[in-house]
Amino acid sequence: MIKWGIVGAGNIAHSFSKDLALVIGGELTAVASRDLDKARSFANEYGAPNAFGSYEELFTSNTVDVIYIATPHTTHAELSIAAMKAGKNVLCEKPVGVNKGEVEAMIKVAKENNVFFMEALWTRFNPTIKKVKELVDNGTIGDIGYLHADFAFYALDRDENGRLLNPALAGGSLLDIGIYPIFLSYLMLGRPKDIKATANFYKTGVEVQISMIFNYEKAQAILYSGLNSNSEMKAEIAGSKGSIFVHPRWHETSGYTLEINGDSSVVEVGKVGKGYTYEIEEVHKCLNAGKTESDLWSHQNSRDLIEIMDTVRSKTGIVFPFE
Ligand SMILES: NC(=O)c1ccc[n+]([C@@H]2O[C@H](COP(=O)([O-])OP(=O)(O)OC[C@H]3O[C@@H](n4cnc5c(N)ncnc54)[C@H](OP(=O)(O)O)[C@@H]3O)[C@@H](O)[C@H]2O)c1
């Protein structure tokens with residue numbers, strides 16, 4: 001049984017814990033919060049036997065095999081590094097670091113300490129996305145010419161000091177949700193040859209919407225993320241022989257539609273829980289096999305993703321005050 005510990009008892013920690021309960025072979029054994037009462041009540045809710053009032057106490061305890069970092073973007077690098085230096089395996093929320101420098105530092109510490117380290121890019125492990133990747137790779141829709149993916153929701157009514165609208169917490173749409181359309185383009189088409197992007201900014205200084213064109217040798221991807229409206233979030237991958245539509249919301253999808261020669265087939269793949277179950281299973285698989293990184297979402301994949309995001313940032317003037 002793989003013993004999990006969670007750092008940061010916020011939103012995603014709750015969703016993750018509910019899905020962890022659905023996975024065979026793992027259990028939540030510890031929770032750490034900056035507030036001991038909060039840690040205790042979270043631990044009670046999910047039946048975890050250990051609660052800590054500081055993150056450091058969890059890192060140095062012997063209560064877990066792997067630690068899930070579920071705190072704001074700006075804290076990922078420091079906390080993952082502290083956990084790995086204490087010899088713990090780490091699954092860290094996306095974006096794993098806020099820039100290339102942070103991600104490189106994290107990978108270095110993972111290697112030095114010979115621990116497992118992975119970015120929690122859960123969509124990579126979603127069974128529909130895996131199936132779609134297989135269809136693209138085996139040529140079912142021919143050569144891809146066009147890909148479209150977006151991710152948007154209205155968030156301008158949120159707390160301006162919260163992590164989405166606060167530049168000091170690396171707020172804005174790009175790192176939080178723009179990462180998903182970028183990921184899909186990278187997964188299906190690889191690293192783009194050229195990137196064009198344009199962004200609008202909010203009064204707090206964070207980027208509030210961003211449109212991106214990724215140019216490839218024989219394809220273009222049109223990608224978007226935003227915090228000032230909703231979007232349908234249906235992804236489209238179109239090739240010389242057919243198209244795939246990933247059903248909304250595509251990043252947590254449970255099915256797709258395949259269109260070939262005017263014939264359309266709707267495929268419901270399904271999913272267990274909200275879908276975090278699959279990244280959890282991947283971690284279990286890697287740990288049980290003694291691996292220090294996943295083949296499906298490797299250190300190099302995280303490196304490539306942050307490099308692309310750094311490029312998008314440099315083209316649109318997204319700078320965080322702490323950099
Ligand atoms: N994979 C997904 O689907 C998904 C979905 C949502 C979010 N995320 C990622 O998960 C991370 C956390 O997002 P969230 O929505 O769960 O955030 P959240 O609700 O604000 O929770 C973050 C938790 O981090 C801890 N924390 C540590 N330092 C903090 C600081 N300076 N300010 C605020 N909180 C701090 C707090 O826990 P304590 O008070 O208990 O210490 C807080 O409850 C983000 O990096 C985000 O990208 C992923």
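How far is an oxygen atom of the ligand from a polar backbone atom of Ala 9? The distance is 2.9 Å, in a model that is predicted.

View 1. Glu 93 takes part through its side chain: one of its polar atoms lies 3.3 Å from a ligand nitrogen atom. The ligand on its own would expose 890 Å², and the protein buries 81% of that.

**View 2. The ligand sits in the largest pocket.** Two elements give two or more residues to the shell around the ligand: helix H1 (11-20) and helix H7 (173-189). In total, 21 residues surround the ligand, and the closest are Ser 33, Lys 38, Tyr 55, Lys 94 and Tyr 276. Sorted by class, this shell holds eight nonpolar, seven polar and six charged residues. Domain 1 (2-120) and domain 2 (125-275) each supply at least three residues to the shell.

**View 3. Two cis peptide bonds.** Look for the bond from Lys 94 to Pro 95, which is cis with omega near -15 degrees. Pro 95 belongs to the loop between strand E5 (89-92) and helix H5 (100-113). Another cis bond runs from Pro 248 to Arg 249, with omega near -20 degrees. You can find Arg 249 in the loop joining strand E12 (242-246) and strand E13 (255-260).

**View 4. A positive phi at Asn 114.** Most residues other than glycine have a negative phi. Asn 114 is not a glycine, yet its phi is positive, at about 55 degrees. Its loop lies between H5 and strand E6 (117-119).

How values were computed
Residues numbered from 1 in each chain as written. Predicted model: local features only at pLDDT ≥ 70, side-chain atom pairs only at ≥ 80, totals over all residues. Heavy atoms only, no water. Near = heavy atom within 4 Å. Polar contact = N/O pair within 3.5 Å; in protein donor to acceptor, adjacent residues only side chain to side chain. Areas by Shrake-Rupley, 256 points an atom, 1.4 Å probe, with all protein chains shown as cover. 1 Å grid on protein atoms, 1.4 Å probe; cavity = no way out; pocket = protein on both sides within 12 Å on 5 of 7 lines; lining within 4 Å. Sits in = over half its atoms within 2 Å of the grid points. Helix = DSSP H or I, 4+ residues; strand = E, 2+ residues; numbered from the N terminus. Nonpolar A, V, L, I, M, F, W, Y, C, P; charged D, E, K, R; others polar. Domains from an automatic or database assignment.
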